[in-house]
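Trainee: Let us go through this model together, one question at a time.

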Amino acid sequence: MDRSNALRMADRAMGLSRMPRRGRSQVAPSAEGAPIIGAQSARAPVEAHSTTPIAPRERAPVPPAAAATALRVVLSNHAEAATVQDPASRAQALQALRERHDRTCPHCTTATAHTHTVFGEGNAMARIMFIGEAPGETEDQTGRPFVGPAGDKLNGMITAMGLRREDVYIANVLKSRPPDNRTPLQHEVDACGPFLIEQILLIRPEVLITLGGPATKLILGTEAGISRVRGIWAEWAPPAGHGAPIPVMPTYHPAYLLRNYTAKTRGEVWSDLQAVMARLNLPARG
Ligand code: URA
């Protein structure tokens with residue numbers, strides 16, 4: 001297939017045929033720094049399916065880092081995460097975590113620039129978990145992740161994968177909006193990040209998709225820019241005693257995609273999503 005056909009196919013599959021809105025998106029990540037954004041439908045059966053092999057990228061893989069150990073994960077707080085298998089108990093455990101977060105998060109209980117905390121939402125049994133950066137304005141107003149312009153783009157990405165938003169789980173590194181949508185500061189990530197780690201341990205997705213720089217940096221413990229690491233499979237190692245490593249696919253944040261709406265970035269994101277679909281034996285789409 002020639003390159004222009006491949007790009008047209010990527011556009012169709014991702015609902016990207018319309019030109020994006022101009023101007024700053026609600027959260028305006030840079031390729032390297034700012035935000036971006038997964039699941040398993042109630043473990044809806046997925047048919048084994050022939051998938052187009054994704055050509056490996058030519059860069060040396062970035063070694064997975066022990067991001068979890070770098071976080072101050074207070075495992076004694078982690079009673080909810082005792083590998084809860086049934087959907088109702090898992091949803092209950094997530095609710096308990098949400099309440100504990102809202103009561104005790106050292107970041108969100110002291111931050112002043114937000115209206116609502118945005119815990120995250122989606123299928124507690126998701127196979128894919130998307131991780132973004134932090135709530136933007138619409139998210140702050142509604143208390144839901146990815147519901148503004150970047151959310152529309154994320155929805156398009158999910159649909160392109162043949163999934164529904166309710167099949168996946170969506171969360172952010174920070175659960176309250178930073179002033180002026182600025183990139184999260186390290187001390188904020190250190191304070192709020194452990195709750196995201198607990199969310200991951202509860203949901204136990206088969207794949208994490210990190211959206212943009214801050215999420216990728218937190219999960220992979222890397223300083224490498226998103227444009228260097230995107231598209232390369234990595235692993236997130238849970239804290240000792242908390243299960244097997246989870247594969248991670250870093251990709252661009254949907255807001256970055258909106259601001260840099262080129263054939264190249266669209267093709268890159270679609271190729272990253274196709275790699276996840278192939279790994280999970282989701283039907284290929286084109
Ligand atoms: N950008 C993010 O990183 N997260 C959201 O929830 C919305 C926009």
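Trainee: In the largest nonpolar core, which residues touch the most other members?
Mentor: This is a predicted model, in which local features need pLDDT of at least 70, side-chain atom pairs count only at pLDDT 80 or more, and totals for chains, interfaces and linings use all residues. Residues are numbered from 1 along each chain as its sequence is written. A nonpolar core is a set of buried Ala, Val, Leu, Ile, Met, Phe, Trp, Tyr and Cys residues joined through C-beta atoms within 7 Å. The core has 66 residues, and those touching the most other members are Met-129, Phe-130, Ile-131, Val-168 and Leu-208.

Trainee: Which helix gives the most to this core?
Mentor: Helices are DSSP runs of H or I, at least four residues, and strands are runs of E, at least two, numbered from the N terminus. With 10 residues in the core, the top contributor is the helix at residues 186-203, α6.

Trainee: At what angle do α3 and α6 pack?
Mentor: Axes are lines fitted to C-alpha atoms, for helices over the stretch in contact, and angles run from 0 to 180 degrees between N-to-C directions. Angles over 145 count as roughly antiparallel, so α3 is roughly antiparallel to α6. The axes of α3 (residues 87-104) and α6 are 10 Å apart, and the angle is about 175°.

Trainee: Is Arg-127 buried or exposed?
Mentor: Arg-127 sits in the loop between β1 and β2 (128-132). A residue is buried if 20 or more other C-beta atoms, placed from the backbone, lie within 10 Å of its own, exposed if 12 or fewer, and partly exposed in between. Arg-127 has 25 C-beta neighbours inside 10 Å, so it counts as buried.

Trainee: Which residues does His-116 touch, not counting those up to four places away in sequence?
Mentor: His-116 lies in the loop between α3 and β1 (121-122). With 16 other C-beta atoms within 10 Å, His-116 is partly exposed. The residues touched are Asp-140 and Gly-143.

Trainee: What is the mean pLDDT of the chain?
Mentor: pLDDT is the predictor's confidence in each residue, from 0 to 100. It stays under 50 over residues 16-56 and over residues 58-76. Where pLDDT is low, the predicted coordinates should not be read in detail. In the chain, 71% of residues reach 70 or more, and the mean is 80.

Technical notes
Contact = placed C-beta atoms within 7 Å. Parallel < 35°, antiparallel > 145°, perpendicular 65-115°, else oblique.
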